[in-house]
Amino acid sequence: MRNRLSLLLVVLGWWTLNALVWVGQVATMREAAGQAPQWADTLRQQLASAWLWVPITLFLLWVVRRYPFERGRHARAALAQAAAVALVIVLRALAVIGLNGWIGWYAVLPPLGEVLIASVLNNLLMSWMIVGVAHALVYARRARRRERQAMQLEARLARARLDALTAQLNPHFLFNALNSIAEMVHRDPDGADRMLVDLGALLRHSLDSSRSQEIALRDELAALDHYIGIEKIRLGDRLQVRWSIDSTLLDAQVPQLLLQPLVENAIHHAVATRTTPGQVSVRAQRDHAELLLEVSDDGGQRSAPPGAGLGLGNTRERLRCLYGEDHRFEIGARAGGGTQVCLRLPLRMAPAGGVAA
């Protein structure tokens, strides 16, 4: 209903403006010929002629929408549109005959044949021009609809890919966590029990956020803390964790299970392979309109190159699906030894203490 009203107002405004332009032109020609402008009569005649085009324009737009030129239907469309134009010519002639006594287009009304000929000369080209504009509007609307459909399809595909990546990551993480518990269950039953508590908290967090691709940083850090609790029991004093978190960013949105694979990779390659203590650092800072996240370690004996493994590859794909080119994911050497993973994401704040939708 709103679109129809908007179309009516646009068509009415166009033809009214057209009439006012013609009023000025006719008045100028009369003055050039040494005649009085006759503003009132000219305004009445031009407005009446223009406003007759309003329903005709809407009618032609409807005909084109109903019978557009399409593959396999050109003949039907051409016939329907030609019939509509012919009808317009006849209706305009009849309107002149019926309204001339009030409007005064002719001082003496000519015979019907002459009025029809005049209608053909005056209205044929204009009618087909309106038909052409109607086709442009129809094709533009179809193009916009196809673009919206393509965007919706792309969004559905991206969502499906994200869901698949998340579904792939959860079993991967669960397997590694259970593996760690299995190493402890005979050697340190109490430690294994505490690890199971942390694992339960992690699983509860995963289930609570399973439908959200992005969550608040505070929730991501809480889940990460449970994971680090599991690894600390397994590795003991060999694992040292340093946190550097800007408290004003706790409500920033980040992808769910973003940091855990990065910390897991650092622990696996830089801490678990050594007998001396190793440090893993987690940092979250603001950099203008970006959220800067860093996970680094102080070195170790790496059996695989930085960036290898399911967790990091999965993280790259998820970031690409969520942010396209609007992010950075870099892995490189840290000053002083070790490896540093640097993430730059658009800074978007979630409701305080809540999960991002």
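Leaving aside its neighbours within four places in sequence, which residues is Val263 in contact with (heavy atoms within 4.5 Å)? They are Leu224, Tyr227, Ile228, Val280, Val282 and Val295. This is a predicted model: local features need pLDDT of at least 70, side-chain atom pairs count only at pLDDT 80 or more, and totals for chains, interfaces and linings use all residues. Residues are numbered from 1 along each chain as its sequence is written, and side-chain values use heavy atoms, without hydrogens and water.

**Nonpolar cores**
- A nonpolar core is a set of buried Ala, Val, Leu, Ile, Met, Phe, Trp, Tyr and Cys residues joined through side-chain atoms within 4.5 Å.
- Buried means under 20% relative accessible area (1.4 Å probe, protein chains only).
- The largest core has 43 residues, and Leu259, Val263 and Leu293 touch the most other members.
- Helix α6 gives this core its largest share, 9 residues.
- A second, separate core of 20 residues includes Val54, Leu60, Ile89 and Val131.

**Helix α6**
- Helices (H or I, at least four residues) and strands (E, at least two) are DSSP runs, numbered from the N terminus.
- 14 of the 19 residues of α6 are buried, so the rest of the structure largely encloses this helix.

**Strands around β7**
- In β7 (residues 339-346), 7 of 8 residues are buried.
- Strands pair if DSSP finds at least two bridges between them.
- β5 (residues 290-297) runs antiparallel to β7, joined by 7 bridges; Glu294 stands opposite Cys342.
- β6 (residues 328-333) pairs antiparallel with β7 over 6 bridges; Gly332 stands opposite Gln340.
- The β6–β7 hairpin has 5 residues between its strands, and Gly336 in the turn has a positive phi of about 95 degrees.

Note on methods. Buried < 20%, exposed > 50% of the residue type's maximum accessible area, 1.4 Å probe, protein only. Contact = heavy atoms within 4.5 Å.
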